[in-house]
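Have it open next to the text as you read.

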Amino acid sequence: MSLIPLKKRAAVSVEVKGLSKHYEARPIFQNLTLRVEPGEIFVLMGPSGAGKSVFLKTLMGLEAPDSGVALVDGRDVADPETRMHHVMGVVFQAGALFNSMSVFDNLALYPREHNLYTETVLEQKVRRILKLLAIEHAADYDPSALSGGMKKRVAIARALVMEPQLLLYDEPTSELDPETGAMIAEIIATLREEIGVTSIVVSHDIHMALAVADRIGILMDGVLRTLGTPAELRQCTDPRIQSFLNPKINPKNPRFRCE
Ligand SMILES: Nc1ncnc2c1ncn2[C@@H]1O[C@H](COP(=O)(O)OP(=O)(O)OP(=O)(O)O)[C@@H](O)[C@H]1O
Ligand SMILES: [Mg+2]
């Protein structure tokens, strides 16, 4: 699969230092520390409710941490200036597409609101990205008419319109059949290859994680553990991580052993 010509921008690092978050009296995560290198694909796994989506929202500057800091290319994401400088594309867990407008208009919404391109240039960009993801026929569809796999690709396409330096994916392969999930994984890997984008991917999909990740981390009981490369993860001996990865997520995959 080739996605050229998408504009290649300098990838950025992501750094999280001492990040903590709670809602009311309930702690979600404490003192998270992580550095993701420019151009890296970091896959974050963890049980449902562990705080993975909240973690991504703090990276987007949508949720303020109680303490600690999240930096993109060394700049604090809490500073609105940072969001202006460092283009971040986000693929939301539920797609977050507006049902009242077509796929094309969903992709065009942000650039139009911010007057980024002329209508002619915008039309070219949107059509090119839809074509790259093999969904050009869906430009005039209402999002409610899309299959799950198409919806995920539209959500990725919308993130790409901004020609991002950092892509944040929240469960990009959930609720997809394995073949469509593998296609999304290939898109994630290809985007890194061809536009060099830094990627943070939240997922329960161990097949995808092993296929695309440079490193894998697990958010569990409020703590983020970086488990290393897929090869290192296969060697891990922690029984809690084994029981998280093996029986619940990947009972049948003989390639994966964490023992
Ligand atoms: N705005 C909020 N107010 C109160 N609690 C919240 C808020 N947002 C998230 N939470 C709580 O924070 C916890 C972590 O939620 P989060 O959505 O990050 O989980 P997750 O790891 O992404 O789970 P899943 O794998 O099911 O998507 C949950 O208990 C959730 O109810
Ligand atoms: Mg989530």
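The points below go from the overall picture to the sheet, the helices and a few backbone details.

1. Overall picture. Keep in mind that this is a predicted model. The protein's secondary structure comes to 9 helices and 10 strands. Of its 259 residues, 51% count as buried. If you take the contacts with a separation of 6 or more, 67% of them are between residues 24 or more positions apart.

2. Six strands make an open sheet, and reading across you get the order 6-7-8-3-9-10, with mixed pairing. The edge positions go to strand 6 (88–91) and strand 10, each of which has a single partner strand, so one side of each lacks a neighbour in the sheet. On average, neighbouring strands here are turned by 20 degrees against each other, direction ignored. As a reminder, strands of a sheet pair through backbone hydrogen bonds, either parallel or antiparallel.

3. Have a look at strand 3 (residues 41–45) and strand 8 (residues 198–202): they run parallel and are joined by 4 bridges. Leu 44 has Val 202 of strand 8 as its bridge partner. Strand 9 and strand 10, on the other hand, run antiparallel, with 5 bridges between them. There, Leu 219 is bridged to Leu 224 in strand 10.

4. Helix 1 on the sheet. Which strands does helix 1 touch as it packs on the sheet? The list is strand 3, strand 6, strand 7 (166–170), strand 8 and strand 9. Its direction makes about 155 degrees with that of strand 7. Helix 1 (residues 52–60) is largely enclosed by the rest of the structure, because 7 of its 9 residues are buried. Those buried residues are Lys 52, Val 54, Phe 55, Leu 56, Thr 58, Leu 59 and Met 60; do note the lysine and the threonine among them.

5. Ile 200. This residue is in strand 8. Is Ile 200 buried or exposed? It counts as buried, because its relative accessibility is 0%, and the cut-off for buried is under 20%. Leaving aside neighbours within four places in sequence, Ile 200 is in contact with Val 14, Val 36, Phe 42, Leu 56, Leu 59, Leu 167, Leu 168 and Tyr 169. Leu 56 and Leu 59 are also among the buried residues of helix 1. Leu 167 is 33 residues away from Ile 200 in sequence, yet the two C-alpha atoms are 6.4 Å apart.

6. Helix 3 against helix 4. Helix 3 (residues 103–113) and helix 4 (residues 119–132) pack with their axes 10 Å apart, at an angle of about 130 degrees. The two are therefore oblique to each other, and their crossing is right-handed. Helix 3 brings Val 103, Phe 104, Leu 107, Ala 108, Pro 111 and Arg 112 to the contact, while helix 4 brings Glu 119, Leu 122, Glu 123, Val 126, Arg 127 and Leu 130. By type, that gives 8 nonpolar and 4 charged residues, with no polar ones.

7. Helix 3 against helix 5. With helix 5 (residues 148–160), the axis of helix 3 comes within 8 Å and crosses at roughly 30 degrees. That is why helix 3 counts as roughly parallel to helix 5. This crossing is right-handed. The contact uses Val 103, Asn 106 and Leu 107 from helix 3 and Val 154, Ala 157 and Arg 158 from helix 5. It divides into 4 nonpolar, 1 polar and 1 charged residue.

8. Most residues other than glycine have a negative phi, so a couple of spots deserve a check. Glu 24 has a phi near 50 degrees and lies in the loop between strand 1 (14–23) and strand 2 (26–36). Its 76% relative accessibility is why Glu 24 counts as exposed. Asp 221 takes a positive phi near 55 degrees in the hairpin of strand 9 and strand 10, which has 2 residues between the strands. Asp 221 also counts as exposed, because its relative accessibility is 56%.

How values were computed:
Residues numbered from 1 in each chain as written. Chains lettered and ligands numbered in written order. Predicted model: local features only at pLDDT ≥ 70, side-chain atom pairs only at ≥ 80, totals over all residues. Heavy atoms only, no water. Axes fitted to C-alpha atoms, helices over the stretch in contact; angles between N-to-C directions. Parallel < 35°, antiparallel > 145°, perpendicular 65-115°, else oblique. Left-handed = near helix turned anticlockwise from the far one by under 90°. Contact = heavy atoms within 4.5 Å. Nonpolar A, V, L, I, M, F, W, Y, C, P; charged D, E, K, R; others polar. Buried < 20%, exposed > 50% of the residue type's maximum accessible area, 1.4 Å probe, protein only. Pairing = 2+ DSSP bridges.
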